[in-house]
Amino acid sequence: MHKPLIKIKNLKKYFYDKNKTVKALDGISLDIHESEILGLLGVNGAGKTTLSSILATLHPPTDGEVLFGDQSIYKDINSFRKKIGFCPQKPNLINHSTVKQNLIFAGRYFGLEESEIKTRVDELVEQFDLSKYADSKPFVLSGGYKQRVLLTRSIIHKPKLVILDEPTVGLDPHIRHQLWENIRDLKSQGITVILTTHYLDEAETLSDRICILDKGKIRLIDTPENLKSVYQKSKLEDVFIQLMKEEPK
Amino acid sequence: MTKSNSYLKVFWELLKTDFYVYRQSMVDWVINTIIWASCTIISFAYIFPIAGMTKDFAVFVAVGTVISCIYWDIWSTSYTFIADLEGERTIDYSLTLPLPNYLVLTKYIVSYAIKGGLPALITLPLAKLFLWNSMSFHNFSILKFTIIFLLSAIFMGSFSLFITSRISRMTQIENIGLRFLFPIWFFGGSNYSWKMIEGVAPTMAKINLINPLIYPMEGIRVAVLGQPGYINFFVCVLMTIFFTILFGFMGINKLKNRLDFV
């Protein structure tokens, strides 16, 4: 029996532009289980980034609830923020500071003790193979290394949930594979991961469950194996293509 | 740890990060300030008197340069903020930290105040150096100077956030500078006191009372040169606080809507 870490109930996010209302999320409900990797899939504008940024508390929803345990995350948003890590699409590191300093600053923001920060930074630099660049400034790093630093920064405070918004976009295949290992490591540490991605192979390889979003609604949510079996396809990509051709029920 | 202590700690850590970043550019900023202040003071002290201007006016302008230097830093802070919004969005990271988002933006105000204020401190010793005997510190009040200097720096931080909140695109920064910041500065007491304006155009002087820059400018001159000839110091202090709160509130609200944060 999977224990839900996050319960999302009828979540809506509307954007109002002059006379037009854009429904980025239109009544999403789902449970996110402890220690699972949940892949969020969808075409551009499906609502993946909106959902992940609402869960990261970056934007408020228009309506609906997000429960952590049994409590709304908005009841004590700052204590919820201590339990999550957010890895945005664009690397937003401090370019004037070294990789190590970026991690140290992050540890301080989350109230870690100096000795704990030191141990944690050393441990993560080793784990994510960042030693070579620990004293370099982020602007000299390649895209893959920047993403690794972002990933490291997002777990410095040992969160229960990590939200990864298209972490491998634009990266070379071998770098993507290295990052996949890092993401699997998070799961093995008991961290729940929400992975927003455009890459179907990535979602298929990494995710315990896949949630396919379309026009702000959930089209399907299941394990990759079940999805392939129901649609009688060998690859998730084929399932996705067929699903996008079908009209939503 | 109580909630407020925990917020204070995060706030302080964010500020410390900014200090760390600023430290790397501080020498450049001091050099920029020296060049700006030197050009102004030298012109008013040694060139304009040939055309009949008194050296007292050079002292008057030199003291105002302290505020002008902080004021024109608004341009660069707005540029940096908008560049971040259009580029890497480091602000998004701050907005996911365990700190209420209005405090994240308040941190920007304090941080901008320090960024603009610290280099501007060099202006007064520089003025003394160039003006020597013409510049007397006989009426100088360290208490008044500290109060108005700190308040002015925080006001500029708040005004800077407000200006930034009104700029939607990088290409608008130049327009804001020339259409908005320049007239405020020009009529805000940089080149003449409020009483000078009142003497020649009383209506314009009354309108100018809504110019937020007039109060820091007048206040700093009272602190360095003495009260006579300027708006009452306490009025300057109160109005500077008023405009700081007003622009801070409007800036934070506008950015809250624009960035759509919680």
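## Helix H9 of chain A

In this predicted model, helix H9 (residues 236–245) of chain A has A:Leu236, A:Val239 and A:Phe240 as its buried residues (buried: 20 or more other C-beta atoms within 10 Å of a residue's own; exposed: 12 or fewer; partly exposed: in between; C-beta atoms placed from the backbone). Because they cover an arc of only 95 degrees around the axis, they sit on the same side of H9(A), the arc being that of the directions from the helix axis to the C-beta atoms. An α-helix has 3.6 residues a turn, so residues three or four places apart point the same way.

As for the cover over the buried residues, it includes strand S3 (37–41), helix H7 (200–206), strand S9 (209–214) and helix H8 (224–231) of chain A. Helices (H or I, at least four residues) and strands (E, at least two) are DSSP runs, numbered from the N terminus.

## Where chain B meets chain A

Here, 23 residues of chain B are in contact with 22 residues of chain A (contact: C-beta atoms, placed from the backbone, within 7 Å).

## Reading the model

Residues are numbered from 1 along each chain as its sequence is written, while chains are lettered from A and ligands numbered from 1 in the order written. Local features need pLDDT of at least 70 and side-chain atom pairs count only at pLDDT 80 or more, but totals for chains, interfaces and linings use all residues.

Note on methods. Two residues are in contact if their C-beta atoms, placed from the backbone, lie within 7 Å.
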